[in-house]
Each structure stands twice: as C-alpha cells, then as structure tokens.
Amino acid sequence: MMKFNLHTHTKRCNHANGEDREYVEAAIAAGMEVLGFADHCPQFFPDTDYYSFFRMHPEQALEYDESVRALQKEYAADIQILLGFETEYYPKTFDALMAFVRPLHLDYMIMGQHFVGNEYDEGSYYAAEEGKREDYLRHYVRQVTEGLATGAFTYLAHPDIVWYCGGEEEYRRQSEALCRFAKEHHIPLEFNMLGYVNGRSYPNPAFWQVAAAVGNEVVIGYDAHDPKALRNDSAYADCLRLLDGYGIQPISFEEIILRNEKL
Ligand SMILES: [Zn+2]
Ligand SMILES: [Zn+2]
C-alpha cells in the first residue's frame, strides 16, 4: 500500500524544524503518494493577552498558505500536496476559527485536542497529563465528539492522547463511546507515530483494542515536526506491525473522505 501522511507540521509552530520544501523532498524520498501539511492552527482567544507559544499566529497563515500552494504546483509531478491545519475544538471560539480559515480554502483539517475545556480559561487542562480524573476523561470524549459532529474534520489525531491511569473499566467505556461515534460518522482515528517514536503514553494499547473491536477506520499519522521524521521507515513498519497485532489494517488514502465542504 502506498504511504501517505496528513499530519505534517512546519517551523511556524515554534516547535518544528526545517523548511517546507525539506518536508516535501523527504516525503518524496520516502515514497509517499500524498503529503498533507497540517500545522497547528491559529486560535482566537477572547478577552485575554494569552497566546499559545506552540502554534502559528494568525498573521502567519497567509504565508503558510502561499508556501504550501507554491510547493503543490512545483512538485505536482512527484507528489500530491495538501494544505490543512491541525486544530483544537474549543466550542466558544470555533466560529471565529472557521471564519478565519474559510478564505484559505484548505483541503482539510484534522482535530488534535491537546487541551480539554480550552487553554486560556480556568478549569481547562492539558489532555496528555497523567491523571486519574474520570471527569477529565469524560469531558475529553464529550468535547471531541461534539467537535467531530461539526463535520469540519477529516480525521481525529491521537484519539488516545488522554493519559488516564484510573480504572480500566471507565477507560474502556469512554474509549468505546468515542470509537463508536467515529465509526458511525466514518471519521478515521489516527495511530500517532510521533507518540510511538517518543515513547509517550499514546498509542495506548487499551484504546486500540477497543478500536479494533469496534472496527474503526485507522490512519497512521507521522505527526512530523522534522523532515527526517518522514524518512523513519522502521517506525512506520513498527506501527503497521503493532496495528496488525490488534487486527487493524489501516485504510488507504483513497478511502479517506476529505471533509472540506465546510471549510
Ligand atoms: Zn506539535
Ligand atoms: Zn500534530
């Protein structure tokens, strides 16, 4: 099966390296058929001076768009390049985000919910933090399913980002709710290669056992923050092998529905 990756960052997010062109050339060298840029989307925070240090600012989006579109034309004979964003779903600011991205005519967006609640308000928290709070886990699942229901997302990145170390029963129940929702709406779930490479708490075996039982569509996402990540063939092979162990066969690019009619 031809390789592809819809989860590629750029240096604009302040925690990725390399030029856009280097990502494209690495993807071609790795034999990919499609490379999607999905850098961390600007967010719009009301009534606060806060701005995330790990995503691009709104003023950078146009240059990002132009850079990726120029590469798309230049490399058209070698690889299909797509323009997207990875974004949070923050209910209160999502309309502002959508109004902002609309003029960019993106090819797709993926949801990567790094914060639950949001990141600027009280009562919000970082999803990947180790913890036992059942209400946090439930909140994550509720927020993500609500976000996916908007129809704006092509897939869900690292669905298992919540590092929950409470009861297994509750984890299974919540994972199943999320997996069932994704399956009913034909939204693929991402097996996150960066998490695997960095030995993070995700991909979480307990989650993928549930996804296998539910029969979810699954995509491997490199979550590349460096062009070299796209050349990591051995990690990709490991991910395929791990998925195979759960009885999961990732879908091909042709099976992915780019949900861009709302963008
Ligand atoms: Zn990142
Ligand atoms: Zn990412």
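**Exercise 1.** Which residue just after H7 takes a positive phi?

Solution. This is a predicted model. Just after H7 comes Gly 215, whose phi is positive, about 85°.

**Exercise 2.** Describe how helix H7 sits in the chain: which of its residues are buried, and what do they pack against?

Solution. Step one is to list the buried residues. Helix H7 covers residues 205-214, and Phe 207, Trp 208, Val 210 and Ala 211 are buried in this helix. Step two is to look down the axis of H7: the buried residues fall within an arc of 155°, so they line one face of the helix. Step three concerns the other side of H7, where Pro 205 and Ala 206 are exposed. Step four is to find the partners. The buried residues of H7 pack against two helices, H5 (168-184) and H8 (233-246), and against strands S8 (189-192) and S9 (218-221).

**Exercise 3.** State how H4 and H5 are arranged, and sort the residues of their contact.

Solution. Two packed helices are described by the angle between their axes and the distance between the axes. For helix H4 (residues 134-148) and H5, the angle is about 0° and the axes are 10 Å apart. Angles under 35 degrees count as roughly parallel. H4 and H5 are therefore roughly parallel to each other. Next, take the residues that meet. H4 contributes Glu 134, Leu 137, Arg 138, Val 141, Val 144, Thr 145 and Leu 148. From H5 come Glu 170, Tyr 171, Gln 174, Ala 177, Leu 178, Phe 181 and Ala 182. Sorted by type, the residues of this contact are nine nonpolar, two polar and three charged.

**Exercise 4.** Find a cis peptide bond, and find residues with a positive phi that are not glycine.

Solution. Most residues other than glycine have a negative phi, and most peptide bonds are trans. A cis peptide bond joins Tyr 202 and Pro 203, with omega about -5°. Pro 203 belongs to the loop between helix H6 (193-197) and H7.

Turn now to phi. Asn 14 is not a glycine, yet its phi is positive, about 70°. Asn 14 is placed in the loop between strand S1 (3-8) and helix H1 (20-29). With 12 other C-beta atoms within 10 Å, Asn 14 is exposed. His 105, also not a glycine, has a positive phi of about 50°. The loop between helix H3 (94-101) and strand S4 (108-111) holds His 105. Here 11 other C-beta atoms lie within 10 Å, and His 105 is exposed.

**Exercise 5.** Is His 225 buried or exposed, and which residues is His 225 in contact with beyond its neighbours within four places in sequence?

Solution. First, locate the residue: His 225 is in the loop between S9 and H8. Second, count neighbours. His 225 has 20 C-beta neighbours inside 10 Å and counts as buried. Third, list the contacts. Leaving aside neighbours within four places in sequence, they are His 9, His 15, Ala 16 and Asn 17. Finally, the C-alpha atoms of His 225 and Tyr 23 are separated by 9.3 Å, although the two residues are 202 apart along the chain.

**Exercise 6.** Compare the radius of gyration of the chain with that of a compact globule.

Solution. The chain has eight helices and nine strands. For 263 residues, a compact globule would have a radius of gyration near 18 Å. The chain has 17 Å, which agrees. Along its principal axes the C-alpha trace spans about 50 × 50 × 30 Å. Of the 263 residues, 43% count as buried.

Terms used. Residues are numbered from 1 along each chain as its sequence is written. Chains are lettered from A and ligands numbered from 1 in the order in which they are written. This is a predicted model: local features need pLDDT of at least 70, side-chain atom pairs count only at pLDDT 80 or more; totals for chains, interfaces and linings use all residues. Helices (H or I, at least four residues) and strands (E, at least two) are DSSP runs, numbered from the N terminus. The arc is that of the directions from the helix axis to the C-beta atoms. Two residues are in contact if their C-beta atoms, placed from the backbone, lie within 7 Å. Axes are lines fitted to C-alpha atoms, for helices over the stretch in contact, and angles run from 0 to 180 degrees between N-to-C directions. Angles under 35 degrees count as roughly parallel, over 145 as roughly antiparallel, 65 to 115 as roughly perpendicular and the rest as oblique. Ala, Val, Leu, Ile, Met, Phe, Trp, Tyr, Cys and Pro count as nonpolar, Asp, Glu, Lys and Arg as charged, and the others, Gly among them, as polar. The radius of gyration is taken over C-alpha atoms; the globule rule is 2.2 Å times the number of residues to the power 0.38.
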